[in-house]
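Here are my notes on the model, point by point. Please read them with the structure open.

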2 protein chains.
Amino acid sequence: MAEPAKSSPLSELRIALPSLPLRLQEVGRFVAANDYDATTRSMRDLAAEAGADPAAFTRLAKAIGYSGWDELRAALTEARRPSQTAPFSGRTRGRRHGPNADVALVIDKLEAEAAGLPRIPAQPIAEAARALHDAKRIWIAGYRSCRSVAELLNYELRLFRPEQVQIVGTSGPDDLDLGAFRPGEAVIVIGFLPYTHVSVRVAQAAHRSGATLIAIADSLAAPMAEGADHVLLFEAASSPGFFPSLTGAIAIAQSLAAVTFSLGGAAAKTRLENTEARLAAASTYVSEKG
Amino acid sequence: MAEPAKSSPLSELRIALPSLPLRLQEVGRFVAANDYDATTRSMRDLAAEAGADPAAFTRLAKAIGYSGWDELRAALTEARRPSQTAPFSGRTRGRRHGPNADVALVIDKLEAEAAGLPRIPAQPIAEAARALHDAKRIWIAGYRSCRSVAELLNYELRLFRPEQVQIVGTSGPDDLDLGAFRPGEAVIVIGFLPYTHVSVRVAQAAHRSGATLIAIADSLAAPMAEGADHVLLFEAASSPGFFPSLTGAIAIAQSLAAVTFSLGGAAAKTRLENTEARLAAASTYVSEKG
DNA sequence: TCGGCCATGAAACATTTGTTGCATGAATTG
DNA sequence: CAATTCATGCAACAAATGTTTCATGGCCGA
């Protein structure tokens, strides 16, 4: 087996975990989940809380290559030390080559996208949410990379409005749905440059049908924004790299869902709880265990 | 003696400092300057580094109102504990009414998510990208809300590696794919609390098969992170609202794709251009015009 | 200068720490 | 089915921990 990145003791732990005895896995998971306590409290203390034998901690440390718990703890402590001001200030290194160039690219990208988020206008989102709240039915359209945004929106909205939300084109050819738009319904179209033909057609159909059109786009001049009742803008090109950024669109989608849920009040809450209960009953999720 | 603002043990220390004996002031300043070491290392250890007597630490603690060094240390430890629940201001704002409440919710959410992005560790992303670059084949798995992240990643990677990238379970039952993982391939699993059973099963299958496992998750303790060669962390709960935030996961996915593309060099560039040319020829996109 | 006070360091204290040897019982192998 | 390995909890161990006591030495007021 190749030697993977040995960046932190926690990653060593994680890697070795599956091949460990049952009990050691248990305490290993506990350590991973409570690494702050692991650095500050005593082994016996942790053992009591984890419901395990103190010796298990020593054995765990040895099993992943340390001389004992003390050494593991020391490693965890160093990994957590705050003075690190960012373990590697990739930015100051400039555009050098080697592995640092990649790291610098990532840092630049993340910072640029973070800077873009607060620039998103909030008011239109709140207004669009109200429109969604009032809509009898909600259609969502997004193609190519925007499909992921569309599906996230679809997923979150369906958690509390299961029967009224639907992605365009999932139950037949797109054109079938385009004819189904009605006044009183809402159609969300997501897109940015270059714009796909389909998304523009959806937007036009929505506008003609008299449905409320909500466009999530990178520009007011985007073709799907024409005639839209609400336009939610984000910056797709704001970050370095080779693909336009979808982070802003995702943030908008999530805010939109959150506010719409909030407007739904107790009824939405009840429906969300029902959905979650159903998922839990189908044992979709791994049961929580500390 | 009047009881001063007991906001944090460090401020108590600072306030009491001037009225302390000379030596205790010295020790007190040392503790204030090295509070991280104070919580993690032993009293004698600190004394040696500070060039002071171990007893001075006990006396300092008692001088500022604690029963002993142990209690002071416990207070420092708690003060330093990473915020277990997101420190978002929105919660305290309660349910304000009027249209402004919704706008405030959106603003809070966007700001919180923006704050979370720079906290994403960049190094692991760069390392994971290299693993993707070396992989003969790339599988991607994400369920429920994480499906959108999986599909975005799938889409972007396929722009320049069309034949080697594939979402788990799209061409038949999941189990068929689980048996197809091979060493030299990479499997990306995306998930956060609550974790779906399927995603965990995919991760385990990947690990067992000897393929490189890359987990995009909200915690090192996430079940799909066990045995993973690379874990890319984001904060799912960092923002107010009712659903966990996917913004971080999307940002990671995009950075991952960007760096992988960058590693691909000229070959990747050529393939991307081919793909774009093909899409343009099929007139997928609306032609640019002023 | 003397006498009391207190800060200070060194050493002894009881406790708690991480560790290890051992016995038990389950799982695996021949 | 027997032999063996191995995981696991318990208990005893030595080392290290935080605390306390005590002797020392400097400081200030009488």
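1. Two residues are in contact if their C-beta atoms, placed from the backbone, lie within 7 Å. On that basis, among contacts in chain A between residues at least 6 apart in sequence, 64% join residues at least 24 apart. The model is predicted: local features need pLDDT of at least 70, side-chain atom pairs count only at pLDDT 80 or more, and totals for chains, interfaces and linings use all residues. Residues are numbered from 1 along each chain as its sequence is written, while chains are lettered from A and ligands numbered from 1 in the order in which they are written.

2. Chain A has 12 helices and 5 strands. These are DSSP runs numbered from the N terminus (helices: H or I, at least four residues; strands: E, at least two).

3. Of the 290 residues of chain A, 46% are buried. Buried means 20 or more other C-beta atoms within 10 Å of the residue's own, exposed means 12 or fewer, and partly exposed lies in between; C-beta atoms are placed from the backbone.

4. Helix 2 (22-33) and helix 5 (54-63) of chain A each give two or more residues, as do helix 4 (43-50), helix 5 (54-63) and helix 6 (69-80) of chain B. The surface divides into 10 nonpolar, 3 polar and 5 charged residues. Nonpolar covers Ala, Val, Leu, Ile, Met, Phe, Trp, Tyr, Cys and Pro; charged covers Asp, Glu, Lys and Arg; the others, Gly among them, are polar.

5. DNA strand C has 19 residues around it, with Met43(A), Gly68(A), Trp69(A), Pro21(B) and Arg23(B) nearest. Helix 5 of chain A supplies the largest share of this surface, 4 residues. The composition is 11 nonpolar, 3 polar and 5 charged.

6. Now the protein interface. 74 residues of chain A are in contact with 70 residues of chain B. Helix 7 of chain A gives the largest share of the chain A side, 11 residues. That side divides into 44 nonpolar, 19 polar and 11 charged residues.

7. The largest nonpolar core holds 164 residues. A core is a set of buried Ala, Val, Leu, Ile, Met, Phe, Trp, Tyr and Cys residues joined through C-beta atoms within 7 Å. Val187(A), Ile188(A), Ala215(A), Val187(B), Ile188(B) and Ala215(B) touch the most other members. Another core lies apart from it, with 14 residues, including Leu13(B) and Phe57(B).

8. Why is strand 3 (residues 186-191) of chain B largely enclosed by the rest of the structure? Because 6 of its 6 residues are buried. Ala186(B), Ile188(B) and Ile190(B) lie on one side, with Val187(B), Val189(B) and Gly191(B) on the other. Strand 3 of chain B pairs in the parallel sense with strand 1 (residues 138-142) of chain B over 5 bridges. Pairing requires at least two DSSP bridges. Strand 4 (residues 212-217) of chain B also runs parallel to strand 3 of chain B, joined by 6 bridges. Here Val189(B) stands opposite Ala215(B).

9. Ala280(B) sits in helix 13 (residues 247-281) of chain B. Ala280(B) counts as exposed because it has 12 C-beta neighbours inside 10 Å.

Methods
Near = placed C-beta within 6 Å.
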